[in-house]
Amino acid sequence: MKMTGAQIFCESLKREGVDVIFGLPGGAVLPVYDALYDYVQRQELRHVLVRQEAAAGHAAEAYARVTGKVGVCLVTSGPACTNLVTALADAQIDSMPIVAFTGQVPTHLIGNDAFQEADNVGICRPCTKHNYLVKDVKELASIIKEAFYVARSGRPGPVHVDLPKDILLKQTEFAYPDKVFLRSYNPTVEGHPGQIKKAAQAILKAKKPILYVGGGVINADAAPELRELAELTQIPVTMTLMGIGAFPGDHPLNLGMLGMHGAWYTNMAVISTDLLIAVGSRFDDRVTGKLDAWCPEAEVIHIDIDPSSIAKNFHVEIPIVGDAKHVVARLNRELRQLDDGSWKESRDAWWQQIRAWKAQHPLSYEWSDAIIKPQHVIQEASRQTASLDPIVATDVGQHQMWAGQYFIVNKPRHWVTSGGLGTMGYGLPAAMGAQVARPDKLVIALLGDGSFQMNMQELSTVVEERLPLKIALVNNRAHGMVRQWQELFYNRRFVGIDLSVCPDYVRLAEAFGILGLRAERPGEVTATWERALAHPGPVLIDFVVDPEEACFPMVPAGAAVRDMVLAKPMSERPEEAKARAAKLTGF
Amino acid sequence: MATDASEVRRYTIALLVENRSGVLSRVSGLFSSRGYNIDSLSVGETLDPTISRMTIVVRASQPVIQQVVKQLHKLLDVIKVIDLTDEEHVSREMLLLRVGAAPGTRAEVLRIADIFRTKIVDVTPVSYTLEITGDESKIGAIIELLRPFGIQEVVRTGKVAIARGSKALSRKDQARLQQLHSAPRAVGYDD
Ligand SMILES: Cc1ncc(C[n+]2csc(CCOP(=O)(O)OP(=O)(O)O)c2C)c(N)n1
């Protein structure tokens with residue numbers, strides 16, 4: 001059957017099992033919107049109108065995270081594409097499979113400085129796994145097929161397709177290819193059996209092993225296999241920020257998040273290990289701190305789908321390229337076969353040591369009767385919703401780290417955050433994407449006041465789509481994380497952090513037509529959460545918290561994990577603070 | 001390991017890539033986004049018109065090259081990556097050079113051109129234009145010799161390189177790929 005490019009676009013998306021598109025229209029993509037009209041009418045495709053293009057990208061990322069499917073966004077040419085770039089870069093570094101479509105001026109105008117023209121392909125190239133400019137309507141279907149395949153296979157990531165307007169209007173015979181052939185792209189799925197066996201032997205021999213788990217485990221749906229691995233030989237599990245949910249938060253083997261704001265005992269355990277088993281994690285500098293002081297005694301097993309992640313910045317003795325689900329399942333089989341129980345004694349000693357560390361410096365904060373502590377807000381939300389397995393989305397900053405520390409996430413695909421790029425403004429659109437994907441689920445958005453102001457226009461989308469989000473502002477009237485760094489490392493010379501000029505968030509919520517609540521005293525936190533959770537529709541809660549609270553423990557940037565700081569230095573004289581700051585690199 | 005990992009060397013990398021637009025910037029972007037300067041890059045079609053071959057010469061340390069080679073493998077348009085640096089290979093570059101040739105020095109310029117087996121491709125009463133092919137040292141040498149006569153303009157193609165023998169390239173290439181997938185640490189450039 002003959003179809004226009006725009007119809008081919010819609011049909012191809014249907015063939016890929018797409019049910020929702022996050023987008024915002026404009027001249028160059030109007031043919032697509034025109035074709036979309038029929039599909040929306042017939043309820044075959046849903047279009048969620050965002051208010052700014054980056055939000056379409058973040059929503060698509062979150063949709064991908066919580067469903068395991070590819071997220072889709074659609075925006076127009078020029079400024080729409082440049083707005084979208086942040087989300088592409090975010091998806092790239094966090095390995096989120098999305099396909100982003102942008103409009104483009106007609107092919108004969110490309111390169112002519114036409115109205116709303118930008119070099120979309122050139123701009124998006126470094127922020128995507130791959131991208132395409134469609135030059136012939138005959139190629140459109142196969143490019144879309146390829147785009148979805150590339151986005152979800154191997155190390156997942158964003159794929160961008162630029163659609164010139166005339167291509168969308170031209171007609172051709174529609175045939176959707178059922179196979180993709182790319183001679184240069186064959187991700188390794190199965191791990192090398194010899195290497196896996198070596199890994200199993202190392203695990204059985206190790207006295208102080210640690211599992212260091214990243215977002216790759218969630219992407220590969222390998223959480224059940226991972227759990228089996230941990231339980232088989234009683235290995236402590238620690239997760240990166242992106243790995244949260246890969247292992248149950250309340251599991252006795254769980255040591256929580258590691259790295260810059262990981263618990264002291266977690267980081268102590270990690271750097272003392274004799275066998276680091278890294279699964280789907282990429283040794284980010286926020287995890288390792290100063291590299292030459294990290295895990296000095298460890299032999300390292302690294303399981304990753306991306307060969308370029310392995311041994312990129314840390315030594316690896318047993319590299320295994322492959323899909324985490326496949327590799328860990330196979331590793332478990334090897335372990336069962338080889339296991340003679342000889343590890344048991346040393347494991348008891350290892351756990352004793354870890355428990356002692358935990359007793360020495362548990363994760364904690366100082367309670368106040370006068371002012372709300374941000375950690376309390378998060379803990380209370382986690383406590384009240386424990387039986388519901390909510391999906392939690394965060395923004396970027398202190399509140400994000402507190403959420404990583406204090407919100408107990410028990411299941412994969414229930415934690416949505418911007419890890420690698422640390423994109424402020426991510427949280428609200430991401431919560432939207434998650435709620436669109438899982439209308440059956442409670443979705444909680446934990447946002448910073450600074451981050452919220454970067455994308456708060458999306459409250460309109462929340463209302464329009466009737467998304468019953470529970471949005472909590474951890475409102476410290478500041479760019480809290482920046483304030484913390486200026487306080488600790490720049491001698492309290494505060495600049496650019498004050499957000500005390502801000503809207504009345506309760507009235508702002510009301511202006512958008514949603515319920516606004518506020519809590520200002522510690523005694524109000526519990527009841528405010530109860531009220532918000534009982535409300536059937538969207539809620540915005542303004543939790544007015546202690547602006548002075550800092551996020552601890554903390555590994556200062558560039559310092560060794562061993563030099564973790566446990567609490568705010570109480571009576572430091574300015575010279576001392578300055579001297580300390582000068583000693584640390586990376587600021 | 002023979003060399004210090006942080007030592008900066010020149011590497012010669014050959015790539016087989018899909019012959020389509022955007023590939024060049026994808027490849028060069030891998031270097032530029034890390035702040036590395038490409039010494040030379042030459043591209044041309046292979047016998048298969050859907051495939052182009054690139055020769056890249058770049059200065060970097062071994063860990064950087066390892067990472068770049070892995071990243072090159074990851075590009076969807078890259079079919080093969082061949083590190084020729086420590087491989088037996090033949091390399092050539094072509095240079096076009098216009099040198100001043102006044103009546104008093106014409107004969108001398110011609111003699112040098114002759115010794116280097118260059119071709120004269122253009123003559124004017126005051127200049128010669130020479131075509132020279134050779135490896136880096138030959139090209140360097142003739143430039144130095146002609147410099148006193150007043151070089152007016154030069155243009156170089158950048159290096160092209162090919163492995164010696166027929167099997168060596170593919171065997172090593174295969175071995176590399178395999179190493180890359182099983183033991184990235186062992187991907188050596190000085191072994
Ligand atoms: C788009 C963007 N711009 C700037 C930053 C740098 N940055 C990191 S955290 C932060 C402050 C975040 O403030 P807020 O959202 O209020 O969260 P808080 O730290 O107070 O919890 C800033 C400015 C960033 N991560 N992203």
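The exercises below treat the ligand site, a helix pair and the backbone.

This is a predicted model, in which local features need pLDDT of at least 70 and side-chain atom pairs count only at pLDDT 80 or more, while totals for chains, interfaces and linings use all residues. Residues are numbered from 1 along each chain as its sequence is written, chains are lettered from A and ligands numbered from 1 in the order in which they are written, and side-chain values use heavy atoms, with hydrogens and water left out.

**Exercise 1.** Describe the shell around the ligand, taking a residue as near if one of its heavy atoms lies within 4 Å.

*Solution.* Begin with the membership: the shell holds 17 residues, of which A:Gln398, A:Gly422, A:Asp449, A:Gly450 and A:Ser451 come nearest. Next, sort them by class (Ala, Val, Leu, Ile, Met, Phe, Trp, Tyr, Cys and Pro nonpolar; Asp, Glu, Lys and Arg charged; the others, Gly among them, polar), which gives six nonpolar, ten polar and one charged. Then assign secondary structure, with helices (H or I, at least four residues) and strands (E, at least two) taken as DSSP runs numbered from the N terminus: helix 16 (398–406), helix 18 (449–455) and helix 20 (480–489) of chain A each supply at least two residues, and helix 18 of chain A gives the most, with four.

**Exercise 2.** Find polar contacts of the ligand, that is, pairs of N or O atoms within 3.5 Å.

*Solution.* Start with the backbone, where a polar atom of A:Gln398 is 2.8 Å from a ligand oxygen and a polar atom of A:Met424 is 3.3 Å from a ligand nitrogen.

**Exercise 3.** Locate a cis peptide bond and a residue with positive phi in chain A.

*Solution.* The cis bond joins A:Phe552 and A:Pro553, with omega about -5 degrees, and A:Pro553 is found in the loop between strand 20 (539–544) and helix 23 (574–583) of chain A. A:Ser95, although not a glycine, has a positive phi of about 55 degrees, and its place is in the loop between helix 4 (79–93) and strand 5 (98–104) of chain A.

Methods. A polar contact is a pair of N or O atoms within 3.5 Å; within protein, one must be able to donate a hydrogen and the other to accept it, and residues adjacent in sequence count only if both atoms are side-chain atoms.
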